[in-house]
Amino acid sequence: MSREEMNTYLEKAKVLIEALPYIQRFNRKIIVVKYGGSAMVDENLKRSVIQDVTLLKLVGFKPIIVHGGGKEISRWVGKVGMEPKFINGLRVTDKETMEIAEMVLGKVGKSLVQLVEELGVKAVSLSGKDGGLLKVEKKYSKGEDIGFVGEVTDVDPQILYDLLEKDFLPIVCPVGMDKDFNTYNINADDAACAIARAVHAEKLAFLTDIEGVRRDPEDPATLISELHVKEARELIENGNIGGGMLPKLNNCIDAIENGVSRVHILDGRIAHCLLLEIFTNKGIGTAILGEGEEDYYDGK
């Protein structure tokens, strides 16, 4: 074997050794992965995400996937000739749109099960209606009615615990019921956050179409690797955070203040971003930590 080949193998060994403390630290811990954005559309990225989550499962983590399907829902709404309506930037979900959304989200869930099963892990696709997982109430946007869009009011995680105990990988779509058993669509970020809180997840990871939180939204060089809740609040108060990142960061803060140890915002356009963030000494996204949490990277 040449020296060059030997160095290649040694580099691979170093990667595995670098991952060891993280595997030990999070073994048997629950990790919630909110799966959305480009990683749901690009087939290669989709496969890499599922490979990542499957590997987490096989090395002893307990992952739960919560997925959206906004782009696919829009595609099907267009296919049946319906015009999507928006109020304050939010889709109005009438009864017909809700039917399409539930159908599409179910289809997306089963396609993810198929990919997981191909890799030799047992998976189950379910919605927030199953086992009374997600209870909701009607959500309004600035007082305006946006249809069958729900705000999570309660989570009963028993069905998730049962699936994890039996060694299944749960894949959840964000649909829930109100007290009158009407069906509502839920923002996938909100659903992932509520589930992570309810199961006391060690980690919550958001796969997005941005590389993480920046001090200057316009400057990629200002990406922040680690952020404590207090610093995150300061960034929001100072007006550094805007657009789609604002509700996401508020969700992160909410999750941490309700018992989730760490929240990660990752660029889902990078193949295997989940493994790079969780198993290496220098992550590629932004890790948000509770005030009592020790620094995560560089072996600290």
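**View A. Helices lying across strands.** Axes are lines fitted to C-alpha atoms, for helices over the stretch in contact, and the angles between their N-to-C directions run from 0 to 180 degrees; contact means heavy atoms within 4.5 Å. Helices (H or I, at least four residues) and strands (E, at least two) are DSSP runs, numbered from the N terminus. The model shown is predicted, so that local features need pLDDT of at least 70 and side-chain atom pairs count only at pLDDT 80 or more, whereas totals for chains, interfaces and linings use all residues. Residues are numbered from 1 along each chain as its sequence is written, and side-chain values use heavy atoms, with hydrogens and water left out. Helix α2 lies across β1 (30–35), β2, β8 and β11 (203–208), and runs at about 150° to β2. Helix α7 (residues 229–237) lies across β12 and β14 (286–289), running at about 90° to β12.

**View B. The open sheet of eight strands.** The strand order is β5-β8-β2-β1-β11-β13-β14-β12, with mixed pairing; two strands pair if DSSP finds at least two bridges between them. At the edges stand β5 (123–127) and β12 (226–228), each with a single partner strand, so one side of each has no neighbour in the sheet. On average, and with direction ignored, neighbouring strands of this sheet are turned by 20° against each other. Within the sheet, β2 pairs with strand β8 (residues 169–173) in the parallel sense over two bridges. V66 has V172 as its bridge partner in β8.

**View C. Strand β10 and its partners.** Strand β10 (residues 183–186) directs T183 and N185 one way and Y184 and I186 the other way, and all are buried, where buried means under 20% relative accessible area, exposed over 50% and partly exposed in between (1.4 Å probe, protein chains only). Strand β7 (residues 144–155) is joined to β10 by two bridges, and these strands run parallel; I186 in β10 is the bridge partner of G150. Strand β9 (residues 175–177) is joined to β10 by three bridges, and these strands run antiparallel; here Y184 in β10 is the bridge partner of G176. β9 and β10 form a hairpin with five residues between them, and F181 in the turn has a positive phi of about 65°.

**View D. The largest nonpolar core and a second, separate one.** A nonpolar core is a set of buried Ala, Val, Leu, Ile, Met, Phe, Trp, Tyr and Cys residues joined through side-chain atoms within 4.5 Å. The largest core has 43 residues, among which V32, I195, L204, V213 and V263 touch the most other members. Helix α6 (residues 188–198) provides the largest share of this core, seven residues. When neighbours within four places in sequence are left aside, V32 is in contact with I64, V66, A192, I195, A196, V199, A201, K203, L204 and A205.

**View E. The aromatic cluster of F26, F61 and F279.** Rings of Phe, Tyr and Trp (its six-membered ring) pair if their centres lie within 6.5 Å; planes under 30 degrees apart count as stacked, over 60 as edge-to-face and the rest as tilted. By this rule there are three aromatic pairs. The rings of F26 and F61 form a tilted pair, because their centres are 6.2 Å apart and their planes stand at 50°. F26 belongs to helix α1 (residues 3–26) and F61 to the loop between α2 (43–58) and β2 (62–67), so the pair ties together parts that are 35 residues apart in sequence. F26 counts as buried at 0% relative accessibility, and F61 at 1%. F61 and F279 form an edge-to-face pair, because their ring centres are 5.7 Å apart and their planes stand at 85°. F279 lies in helix α9 (residues 273–279), so its pair with F61 in the loop between α2 and β2 ties together parts that are 218 residues apart in sequence. At 8% relative accessibility, F279 also counts as buried.

**View F. Lysine side chains over aromatic rings.** A charge sits over a ring if NZ of Lys or CZ of Arg is within 6 Å of the ring centre and within 35 degrees of the ring normal. K79 lies over the face of W76, at 4.2 Å from the ring centre. The charged end of K138 sits over the ring of Y140, at 5.7 Å from its centre.
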